[in-house]
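Have the viewer open and turn the model as you read.

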Amino acid sequence: MYELWYWPGIPGRGELPRLALEAGKIPYRDMAREAGEDGYKALSKNMGQARDDPPFAPPYLITEEGLVIGQAANILLYLGEEYGLAPLDSAGRLWINQCQLTIADMVSEAHDTHHPVAIGAYYEDQQPEAKRRAEDFRAHRIPKYLGWFERILAERGDWLSGEAWSYADLSLFHLVEGLTFAFPRRMATIFGDLPKVMKLHGAVAALPELQDYLTSDRRLPFSDGIFRHYPELDGP
Ligand SMILES: N[C@@H](CCC(=O)N[C@@H](CS)C(=O)NCC(=O)O)C(=O)O
């Protein structure tokens with residue numbers, strides 16, 4: 001069985017591989033969560049283990065054979081190939097990986113709206129910079145990124161690969177969820193310009209493969225992770 005390692009308590013970037021594992025009905029253990037109150041300790045200890053292929057940061061996946069795969073997009077590339085959660089031809093594989101890496105870029109920029117100066121410092125100590133960064137993110141980056149996905153879907157159809165859902169569609173769903181939590185006013189304004197993205201969001205939410213997970217308590221709510229709601233960082 002696979003081991004998924006990610007910080008307990010938040011959906012975070014762990015949710016990207018988690019959604020694929022859940023939708024693909026792939027057996028896995030969510031290791032830090034299983035450790036309960038000791039989850040942080042368990043993850044730190046596992047990260048600190050001597051390995052010749054240590055992950056830089058969670059999420060990472062460990063296979064039964066002991067292969068350690070870091071970087072959310074890399075985990076998904078692996079799962080996509082192993083379980084057919086993405087096209088298997090070279091062009092399709094690279095295309096979905098490109099979509100996933102673009103989602104990863106946007107996730108990082110969403111994070112940087114509340115931590116634009118230092119990841120290790122408190123939000124309260126970088127508030128003026130956060131305000132400036134969030135203004136730009138809302139005005140330019142949200143429309144640019146989501147507009148790109150809208151354009152793809154207008155060309156290709158209902159899914160990013162055109163034919164069937166892939167792991168990147170699941171991640172795009174999560175991205176829209178996170179942005180809507182963090183920037184509800186901005187997203188309410190822009191929804192109308194993104195009919196295809198919103199249709200995909202609804203289609204992923206309705207996937208029969210995901211219903212067990214989406215209605216379970218394994219699916220954690222957003223709080224103080226990557227996607228955070230600070231009303232002062234939101235706006236129309
Ligand atoms: N590009 C990596 C980013 C991984 C990452 O930043 N993980 C965060 C948690 S969401 C972390 O623990 N980072 C520690 C650090 O950057 O020092 C991915 O997409 O997996």
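A search of the whole structure turns up one cavity of 30 Å³ or more. Here a cavity is a set of points, on a 1 Å grid over the protein atoms alone, where a 1.4 Å probe fits but cannot get out. The largest cavity has a volume of about 40 Å³, a volume being the space filled by probe spheres set on the grid points, which are joined across faces, edges and corners.

Who lines the largest cavity? Among the residues are Ala 110, Thr 113, His 114, Phe 183 and Tyr 230, where lining means having an atom within 4 Å of a point. Helix H5 gives the largest share of this lining, three residues; helices are DSSP runs (H or I, at least four residues), numbered from the N terminus. By class, the lining has seven nonpolar, two polar and one charged residues. Ala, Val, Leu, Ile, Met, Phe, Trp, Tyr, Cys and Pro count as nonpolar, Asp, Glu, Lys and Arg as charged, and the others, Gly among them, as polar.

## A word on the model

This is a predicted model, where local features need pLDDT of at least 70 and side-chain atom pairs count only at pLDDT 80 or more, while totals for chains, interfaces and linings use all residues. Residues are numbered from 1 along each chain as its sequence is written, and side-chain values use heavy atoms, with hydrogens and water left out.

## The open pocket

Now for the largest pocket, with a volume of about 710 Å³. A pocket is an open set of points with protein on both sides within 12 Å along at least five of seven lines. Its lining counts 28 residues, and Tyr 6, Arg 13, Ala 57, Pro 58 and Ile 226 lie nearest its centre. H5 (90-114) and H4 (72-83) each supply at least two lining residues, with H5 giving the largest share, eight.

## The ligand inside

Where does the ligand sit? You'll find the ligand in the largest pocket, meaning that more than half of its atoms lie within 2 Å of the pocket's grid points. Residues around the ligand (a heavy atom within 4 Å) include Trp 7, Phe 56 and Ala 72.

Check out the polar contacts too (pairs of N or O atoms within 3.5 Å). A nitrogen atom of the ligand is 2.6 Å from a side-chain N or O atom of Gln 71, and a ligand nitrogen lies 2.8 Å from a backbone N or O atom of Pro 58. Arg 13 has a polar side-chain atom 3.2 Å from a ligand oxygen.

Note on methods: Polar contact = N/O pair within 3.5 Å; in protein donor to acceptor, adjacent residues only side chain to side chain.
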